[in-house]
Amino acid sequence: MTWQIHDAFAPNLDTGSIRAAANTPIQGFGNIFVQVSTTNPEPRMNGQMMRDFGLTYNGADTFETTKSVNLGNVWITRDVYIAGSSNHVRFFDTFTNTTTQPITVDVSFGGSLGYNNGAYQSSVRDTSSGDTTITPEDSWVLIANQRTQDRPIGVVLGTPGPFAGAMTGTGNQQQGPFDTPLPTSGNDANFYGFINQLTIEPGHTQSLIRYVYAGEIGPDGLTSTAASLEEIAKTPDLTNLTPAEVCTVSNWDLNALDDALEDFNAADCAGVTRLDIPNAPAPAALFTTSSYDVFDKTIEQLQNDMENGITTSEAITRAYLDRIAAYDQGQLGLHSFLHVSSTAIEQARAADAERRTGRTGELLGIPIAIKDIFDTKDMPTTGGSKALAGWQPQSDAYQVEKLREAGAVIIGKTNTSEFANSGSFSESGWMQTWNALYPSKTSFGSSGGSGTSVAASFASAALGSQTGVSLYAPTTGASLTTFRGTDGMASTNGVMPLTWGQDYAGPIARTVTDLAYLLNATTGTDPGDIWTVDADTKRPEDWTAALDANALQGKRIGYIPAAFVSSFADDGTGQAVMDRFQDLVSAGAEMVEMTAPDTSTLGTNPGGGKQGAEGWARYISLHNNFPYATGDHLLASDDVLVYNKRNLNIRTRMTDTEVEGYIAYRTRYKEIIADWMTAANVDILVYPGFISDMYNNDAASASLSSDRASGVLTSNVGLPTVVVPVGTSPNGYSISMQLVGKAWDDANVLAMGYALEQQTDARTVTTYVPALRYQGPSTPPVYPDPTLPPVTEEQEQEQENQEQQQGSQQEQEGTEEPLPEVESFPDTLQHWAKADIDFLIQKGLLSGYPDGTFRPNVGISRAEAVKVLAVQLELGASPSTFTDVSATHWASNYIGAAALSGVLNGYTDGTFRPDMQLTRAEMAALIVRAFQLSGGSGSSTFSDVSSTSWALEYIEALTANQITNGYEDGSYRPDRMITRAEFATMIARILKM
């Protein structure tokens with residue numbers, strides 16, 4: 001029989017588990033979840049499904065690990081051996097403690113063997129104890145469903161308890177097996193997890209062996225399978241395992257193996273402590289070289305911060321690039337990006353330069369990720385297939401072109417299921433994407449890369465596409481928002497097709513407001529797309545103007561109760577969504593129960609099933625360098641994923657008559673739904689995102705990703721739909737509502753989504769890829785520096801006056817040795833703080849970066865600021881006593897000297913946090929203490945500095961000495977980071993007093 005093993009070959013899920021096996025209930029089985037007792041810190045992926053072993057097939061019967069997985073300094077390997085003639089698969093998993101302390105390791109082996117839908121429901125039919133209850137006293141368990149064509153599955157667990165290495169219990173392999181018991185009935189009873197606990201001494205290896213056996217069908221299948229399992233338990237197949245490897249096995253009694261196996265002697269194991277295993281890759285650097293934190297920032301927040309001079313597009317883009325490098329790529333990464341733009345920083349600098357000229361814009365300088373079915377002229381467009389590896393279009397897709405015109409930074413291309421043909425998983429020829437919120441779960445498809453990239457803060461927003469579920473599924477799975485407009489509201493020109501006319505290309509973002517910004521740029525009539533002919537007259541001039549928190553007031557919202565009920569899941573997800581109807585009611589809406597629409601008059605689709613061929617013909621016609629003659633030649637390529645590859649069958653495209661008939665068919669469908677809604681007097685419809693939990697990422701069946709069978713009308717009809725997160729399910733997974741409107745009622749649909757969002761504010765944010773630690777200039781960033789805000793006439797005049805005053809003072813004093821001339825940095829030449837920056841450089845207090853820039857608008861770290869003060873005050877070197885400032889830190893002596901002199905204090909936990917950005921309040925305290933300033937009224941003169949603020953006396957002293965006057969709006973902004981330019985100006989003013 002054929003076993004589909006997830007190895008490092010395409011799509012490179014690399015879990016070692018069984019994706020599927022013909023005529024069995026297996027759907028993602030044989031994976032391992034691992035939890036270690038390591039602390040300081042606890043590993044991010046603790047308790048999750050292990051993957052990225054570099055499993056390589058030897059061409060015969062074995063998949064071998066080529067790189068250990070490092071989980072909290074426990075190095076994990078797994079080898080998978082397939083005994084074809086015996087219909088069993090052996091899993092050999094090793095765990096090596098590389099620390100100097102004992103570590104407890106919990107391992108859950110298992111997965112899914114069915115789902116709760118009649119004959120597909122599995123159950124325990126037998127155990128080695130002769131009953132149907134799984135306990136640690138069992139050496140094997142036999143599981144089967146009701147389908148006569150499916151083989152029963154046996155799992156051999158090892159020597160039964162009481163035995164030190166025996167299985168300790170069972171868990172739910174879909175719900176966190178270490179915390180959730182395995183139920184004996186219902187849907188979750190299909191999700192078997194067999195748990196072992198190991199205590200591993202320093203420098204030692206312990207291993208586990210488990211077998212999965214596919215039994216025989218027929219009336220005697222269960223009996224014969226049980227006999228085979230008993231034989232494996234007594235005489236396990238150790239083919240290709242060395243004696244040393246067997247010596248480390250913890251879930252089998254080695255003395256019993258000594259008696260059962262001729263070529264094994266347990267006495268030889270006394271000297272075996274650690275196996276020679278492949279090294280684990282070096283961990284990714286978990287820091288950012290950008291002083292601006294982009295974690296979970298909306299487009300609105302990013303744009304406000306750029307407009308207010310708090311940050312720049314380059315700092316934002318660098319922060320996203322650092323997060324991609326830290327969390328997306330490599331071992332245990334989320335794998336959302338297929339291509340990261342090599343010009344992203346260059347694009348960001350260009351946007352910053354545009355801003356200096358006075359240009360503004362909602363997307364100016366905003367990094368956006370693009371699903372890899374959209375054409376990009378500066379990056380490959382592969383459709384997620386190695387059949388198009390390296391192919392690069394000569395032009396952008398229409399929507400990408402519009403994003404560039406709006407000033408957006410195209411940061412990269414996101415992973416997609418190959419040719420966007422799966423809504424359940426995002427598996428391309430290179431990788432399969434994981435969920436950013438629940439990192440053992442599917443990201444869904446086919447826009448899973450786009451959804452994960454946004455949820456993980458690798459980009460501010462992304463473009464995706466939907467033919468069936470591929471915008472709303474990844475969005476629900478990531479607790480984000482999306483908008484699928486009426487057919488033709490946005491162009492699909494330059495987007496690889498799946499079903500022409502039903503395909504829709506649209507945005508994924510954190511908020512509905514962010515969606516509106518993207519829709520402003522990407523929607524409208526495209527002369528190259530016949531579906532968009534009416535878009536300019538139907539879309540609002542400004543989508544943000546449609547956003548109204550009261551948009552649901554007085555609205556009647558229709559729902560079909562059956563849409564919220566799963567045919568197999570019994571976890572309460574659909575009901576949890578219905579429970580959130582209260583949010584709609586609280587926003588002023590009335591709920592109206594409806595029955596399904598009557599579509600008997602619609603007739604058959606005149607497209608004749610040719611929409612795929614039509615789409616590829618139109619797409620290929622845009623390119624003179626496409627490497628295949630037709631879409632069918634592409635889909636038949638040997639480089640397509642094995643389970644997606646088709647035999648070459650040249651399909652004919654649609655005739656003009658069929659095209660016209662197909663458009664008329666979808667138009668008629670929209671009219672039927674509009675009439676149905678009008679008859680019920682409803683303004684909008686509501687459907688759930690999912691009606692089941694989310695499932696693990698290693699199955700093949702759509703049912704084992706999530707239940708999405710709600711009957712939502714969006715894609716089949718082509719109706720405007722906004723998706724909004726509304727909370728979590730009973731098992732803690734993100735849930736959403738889909739609000740569906742009549743054709744061309746797009747602006748009102750978006751407005752109602754906005755109103756719902758304001759009512760719920762229910763997004764879930766990932767805890768697995770947190771904000772990165774900022775590491776300042778002591779380790780020069782990979783990318784050079786951000787751009788600068790425009791210089792006003794007043795600032796130019798102030799700079800000129802300062803230069804004149806300085807020259808006059810030097811001329812009058814005459815006796816001072818003139819300061820050396822300084823060559824200004826290229827990024828300070830037009831900066832308002834140039835004179836002050838040059839002044840401090842001349843005095844040797846400030847310096848630039850190795851790339852020749854100064855980066856005036858980047859925040860200054862606490863360590864950098866202290867160094868300047870220590871040098872100016874001529875404080876003697878003194879080692880730091882702070883717990884987080886080691887003797888090797890470049891600023892240790894400066895920090896120690898400043899602390900000894902009373903210039904600064906650390907935090908109550910004994911740290912100084914040298915690489916954190918300095919705030920304006922902290923800066924005030926440092927300056928006042930360092931230069932012993934005094935003065936002030938004793939009461940706050942700033943609207944945002946309260947009379948009880950710890951920094952009040954310092955801020956007032958700065959004001960009294962005319963070091964700062966605050967902002968024009970009467971605020972001081974004490975918690976805002978202080979930039980290198982602001983720092984230079986304050987210090988220069990003091991030194992010139």
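This is a predicted model: local features need pLDDT of at least 70, side-chain atom pairs count only at pLDDT 80 or more; totals for chains, interfaces and linings use all residues.
**The six-stranded sheet**

Let us begin with an open sheet of 6 strands, whose order is β1-β2-β3-β9-β14-β13 with antiparallel pairing. At its edges stand β1 (3-5) and β13 (169-172); each has a single partner strand, so one side of each is left without a neighbour in the sheet. On average, neighbouring strands here are turned by 25° against each other, direction ignored. Inside the order, β9 (residues 103-112) and β14 (residues 191-200) pair in the antiparallel sense over 10 bridges.

Is Gln 206 buried or exposed? Its relative accessible area is 18%, and buried means under 20%, so Gln 206 counts as buried. Its side chain reaches the backbone oxygen of Thr 199 at 2.7 Å. Leaving aside neighbours within four places in sequence, the contacts of Gln 206 include Asp 93, Phe 95, Leu 198 and Ser 250.

**The eleven-stranded sheet**

Now turn to an open sheet of 11 strands with mixed pairing, in the order β17-β19-β18-β20-β22-β21-β26-β27-β25-β23-β24. Here β17 (337-340) and β24 (590-593) are the edge strands, each with a single partner, so one side of each lacks a neighbour in the sheet. From one strand to the next, the twist averages 30°.

| Strand pair | Bridges | A bridge partner pair |
|---|---|---|
| β20 and β22 | 5 bridges | Ser 465 and Ala 505 |
| β21 and β26 | 3 bridges | Phe 483 and Val 722 |
| β26 and β27 | 7 bridges | Thr 728 and Ser 734 |

Of its 8 residues, 7 are buried, so β26 is largely enclosed by the rest of the structure. Together with β27 it forms a hairpin with 5 residues between the two strands, and in that turn Gly 732 has a positive phi of about 90°.

**Helices around the sheet**

Helix α7 (residues 398-405) lies across β18, β19, β20 and β22, and runs at about 175° to β18. Helix α8 (residues 448-455) also packs on the sheet, where it touches β17, β18, β19, β20 and β22; the direction of α8 makes about 155° with that of β20.

Helix α4 (residues 299-307) has several buried residues: Ile 299, Leu 302, Gln 303, Asp 305 and Met 306. Why can they be said to line one face of the helix? Seen down the axis of α4, they fall within an arc of 165°, so they line one face. These buried residues pack against α5 (313-328), α6 (344-356), β20 (461-466) and α10 (512-522). After α4 comes Gly 309, with a positive phi near 75°.

In soluble globular proteins, nonpolar side chains tend to be buried together. The largest nonpolar core in this model has 141 residues, of which Leu 403 and Leu 750 touch the most other members. Helix α5 gives the most to this core, with 8 residues. Beyond its sequence neighbours within four places, Leu 750 is in contact with residues including Phe 483, Val 512, Trp 543 and Val 722. Apart from this core lies another, of 52 residues, among them Ala 833, Ile 837, Leu 904 and Ile 978.

Conventions. Residues are numbered from 1 along each chain as its sequence is written. Side-chain values use heavy atoms; hydrogens and water are left out. Buried means under 20% relative accessible area, exposed over 50%, partly exposed in between (1.4 Å probe, protein chains only). A polar contact is a pair of N or O atoms within 3.5 Å; within protein, one must be able to donate a hydrogen and the other to accept it, and residues adjacent in sequence count only if both atoms are side-chain atoms. Contact means heavy atoms within 4.5 Å. Two strands pair if DSSP finds at least two bridges between them. Helices (H or I, at least four residues) and strands (E, at least two) are DSSP runs, numbered from the N terminus. Axes are lines fitted to C-alpha atoms, for helices over the stretch in contact, and angles run from 0 to 180 degrees between N-to-C directions. The arc is that of the directions from the helix axis to the C-beta atoms. A nonpolar core is a set of buried Ala, Val, Leu, Ile, Met, Phe, Trp, Tyr and Cys residues joined through side-chain atoms within 4.5 Å.
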